[in-house]
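Visitor: Could you take me through the packing in this entry? I would like to start with the aromatic rings.
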Amino acid sequence: MNEPLSGRPDISAATAQQWTAEYFHVIGEPHVLPSERDQNFLIQSASDPTSAWVLKIANTFATEESLDFQNRLIFHLGKSLKTNVPQLINSVSGEPIVWIEISGRRHAMRLLSYLPGTPWAHIRYHSKQLGQSLGRFVGRLLTSLQTFPNPPEVRSFEWDLASCAQTVAQRLDSITDPDQQQWVRHFLHHYQSNILDIHGRLRRSTIHNDANDYNVLVNGCDRPATDVTGMIDFGDAVYSQCVNEVAIAVAYGMLGQADPLDMAQQIVGGCHQVFPLTDEEIHCIFSLAAMRLCTSVVISAERQRTHPHDTYLSVSAKPAWDCLRRLQQVSPNFAHFALRSACGKPAHPDEARIMKWMSDHQASFIPVMKMTGDPATLDLSVESQQFALDELADTDNQPMNSRLIQKYMQQQQRSWAIGRYGEARRCYSAPQYTSDLPFENRWRTIHLGIDLFADAGSPVFAPYPGTVVGVADNDSAGDYGPTVILKHVANIDTQPIEFYSLYGHLDRQTLTRWQTNAQIQAGDHIGSLGTESENGGWPPHLHVQLILDLLGETTNFPGVAAPGQRHVWKSICPNPSAFLGLERNTLDAAEAFDWSTSALQMERTKRLAPSLSVSYDRPLHLVRGSGAYLFDAFGRTYLDCVNNVCHVGHSHPRIVQAAASQMMTLNTNTRYLHSNILEYSRRLLATLPPPLEVCFFVNSGTEANDLALRLAKTYTVRHDVMVIDHAYHGHSQALIDISPYKFNGRGGAGCPESTRVMPMPDAYRGLYRAPEFTPQEQAQRYAAHVAAALQETKPAAFIAESLLSCGGQVELPPGYLKTAYDSVRAAGGVCIADEVQVGFGRLGSHFWGFESQGVTPDIVTMGKPIGNGHPLAAVVTTRAIADAFRNGMEYFNTFGGNPVSCAVGLAVLDVLQQDQLQSHADKLGQQLIHQLRSLQERHASIGDIRGRGFFLGIEFVSNRQDRMPDAATAHFVVQRMKDHGILLSTDGPDHNVIKFKPPMVFSASDADRLVNTLDRLLASEVS
């Protein structure tokens, strides 16, 4: 039997309560805490709920020297880390240790302050920021421990990573599953072969040695948790290598992570900021972290055989095995390079030397292809101006359109062309280019080589002597086809350094030309360019890639990198321009553009007004749109569920063509006669009921609402305006004055005297809630507030959105607007329907939102969707109101109603009608509501689903009974959905409503993706 386990104390909670009171004069309720060797109790104060302590009763084998060592360590850290570690509480006798006897055995008892926080293991989602915070905490811990006196004796301990090889090897046979045993053997072998000698000579100090997921505390349960606030349990402290502290934090930080290496990078990078790590220490971390997990699973396996009922022994076994399964698929060299990159170092340590040597010897390399004349430089990036995104893909489901490439080369009068290095491309759509991580947005898009486009059959030559290390036909669709990989040796500073070159998309004859280990001289014929049928389906071209480490792969090395690891891959596979005798700068797409989001934010801060906000905690750098999708600078795809401005789809070709065609002929103001404005007026008015028959054209929804107010005030000769609470109608001063969303918000000046605010008719959380009140009763009661206000004021207008957007996607109770309109008109006021958000068929059931209420307003304002992103807006009113506005003061708008804008407006109406997008929104919207209500049944955090068509709201609550708003969860869900490639946003008075207002081309498969991703997210990280 294991001695520490056999010496574990066993006392009751009542005894713990008695001893705490007797020896420490602390009165409280004891609660058992898990522990392997000792026995621990949480003591909750009987008089103060905020006060608590931890009573620790040590294993009988714990010596006075070891406990004194722990106490001194806690005291030392308490001075430097202050509240981040527990504090010792002296007994009534003034000593930190009380010795007691249990069943004839002597045990040490100590009382420590309780450190508040949530264990890392209890946090459902571990953000990058949280990983970095853990790394910084470990760095501060190690910094403090550098001045702690070394213990007089070195402790021999099975959990010390200094002896991990022995610990694991001795217990391997305890693992009965052959696959699991093989994983452990894999990491043990790598450690013994590559790390053991280095590990033994690294710097040492006392370390905590147990930064596991239950000992690391974070800042509560807020989503997302962002800060590590403390560390507990110093029972495993030992004098050992400093890097072991980092590796242990990495090992447990990786548990449960879909991408464990990414979390390792965050932790190591955070530590390096505070406690700079040496190159050798970084080199060891991945292997040591894996060995810590191996140590955990072999000890657990051994002890489970003797203590099968002790669940604490296996608490980390399952996630540890899952993590080991994932880690054994990661190249240890790649992990090393990734951790170097996380520390701000070149990922590959020899990159700079090899690239300098290559630049110095550029003139001596043989041209890889014998081409005449200058090449055309192709822009195949996601933001290409040369090729439209949907044109670049071939109609025959090929990854790239050969005819389009050839046509461009002919237009440029070039016989060959170059595809750039580092480019973010969207043409990599085959399954091998995506990650297997669960519902992550992880397509590989960053091109790691240079492409040379020429005729099929063009010969390819070796630029430099080498040895064939791989010849293979990678014949999957979208892959390399026939491929050759060569190994080269460069003598740099009298030291031979190996590097590799890859040649992809060759012809099949190449496969019989070379064998592994064959020697190739500079200028030897490697092969020829393959046809589309033999090179993976691509246009005839050569993909050339430099590789500084093959990472164990000799036949099909990745040619495209995931954006998140681009810095690592660019160091492993640097720009091959010099190797090919080409000019580097014009061919390095990555260097031609500053990819850094933080750099763009900094520039934005310098040049734009600080009141202009950005979406998301980690903003997106978007460069392209198509249909219901947006694309960022790295080629990542996002399903757009919120940008309702591009009503019929981003970059819709018919809209673009309409604007371009008219812009080529004429664009001027409305003081000249032109048919576009008349035809557009006719078409627009045909969608509206009489007596709405006069149009004004402006440039934005704000201008439309501002003009509507002027019309109403001129017509009625009044000034007061009635609005609904939390409404937003625009950003001009006149509209801020009638927008409670603004004037009652931060920076607002409060409600002006001329504005009367009506209660928001919210059936879920308003004054009159369902099911206590029926929809008809709600309509009557809310409209009664309008009638009551009319007893005190005679307004010029009552303005309301037909469905409330900033109010939280609220659908008005049926009959509310009719009753309110009747009251306002009886008092001589004008009724304005703000259709900026919900018009043009978005509701599905009706083309205009006000139609869903069975009313006809006196003035209708339109914006956002009217021009599909083009600056176009309109006001439509009655003849009487328009005539009253003709009071001698001319109304003129320089750009409103210009021929280009009207051409765009006409195209939008054409697409809506011809593609039947209104009925599409109606049918799919009903289906989506049904799907979302099914989610509501499964997830208690969803309080309400509401809306129509493609104008929906998902309200999050912390308690369904009292309907308390949960803005934190709504915000968290929006941020995480973005990480999974789906864009949403929040609205509502309490910012707890997720709004859904996508382009009208949003499809059934898009809806399934939205619902399924949201379902899995709520199940795994929220519920």
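Guide: Rings of Phe, Tyr and Trp (its six-membered ring) pair if their centres lie within 6.5 Å; planes under 30 degrees apart count as stacked, over 60 as edge-to-face and the rest as tilted. This is a predicted model, in which local features need pLDDT of at least 70, side-chain atom pairs count only at pLDDT 80 or more, and totals for chains, interfaces and linings use all residues. Residues are numbered from 1 along each chain as its sequence is written, and side-chain values use heavy atoms, with hydrogens and water left out.

Visitor: How many aromatic pairs does a search of the whole structure find?
Guide: The search finds 29 aromatic pairs. In one of them, phenylalanine 69 and phenylalanine 148 have ring centres 5.9 Å apart and planes at 55°, so this pair is tilted.

Visitor: Where do phenylalanine 69 and phenylalanine 148 lie?
Guide: Phenylalanine 69 belongs to helix H3 (residues 64-81), and phenylalanine 148 to the loop between helix H4 (128-145) and helix H5 (164-171), so the pair ties together parts that are 79 residues apart in sequence. Helices here are DSSP runs (H or I, at least four residues), numbered from the N terminus.

Visitor: Is phenylalanine 69 buried or exposed?
Guide: Phenylalanine 69 is buried, at a relative accessible area of 9%; buried means under 20% relative accessible area, exposed over 50%, and partly exposed in between (1.4 Å probe, protein chains only). Phenylalanine 148 also counts as buried, at 4%.

Visitor: Which residues do ring pairs link into a cluster?
Guide: That cluster consists of Trp357, Phe365, Tyr464, Phe499 and Phe579.

Visitor: Turning to the largest nonpolar core, which residues touch the most other members?
Guide: Among its 105 residues, they are Val184, Val246, Val250, Phe557, Trp569 and Ile572. Helix H9 (residues 279-306) supplies the largest share of this core, 14 residues. A nonpolar core is a set of buried Ala, Val, Leu, Ile, Met, Phe, Trp, Tyr and Cys residues joined through side-chain atoms within 4.5 Å.

Visitor: And what is valine 184 in contact with?
Guide: Neighbours within four places in sequence aside, valine 184 contacts Val168, Leu172, Ile175, Cys294, Val297, Val298 and Trp321, where contact means heavy atoms within 4.5 Å.

Visitor: One last topic: where is glutamine 975 found?
Guide: Glutamine 975 is in helix H29 (residues 967-979) and is buried at 12% relative accessibility. Its side chain reaches the backbone nitrogen of aspartate 617 at 2.9 Å. Not counting residues up to four places away in sequence, glutamine 975 touches Tyr616, Asp617 and Arg618.

Methods: Helices (H or I, at least four residues) and strands (E, at least two) are DSSP runs, numbered from the N terminus. A polar contact is a pair of N or O atoms within 3.5 Å; within protein, one must be able to donate a hydrogen and the other to accept it, and residues adjacent in sequence count only if both atoms are side-chain atoms.
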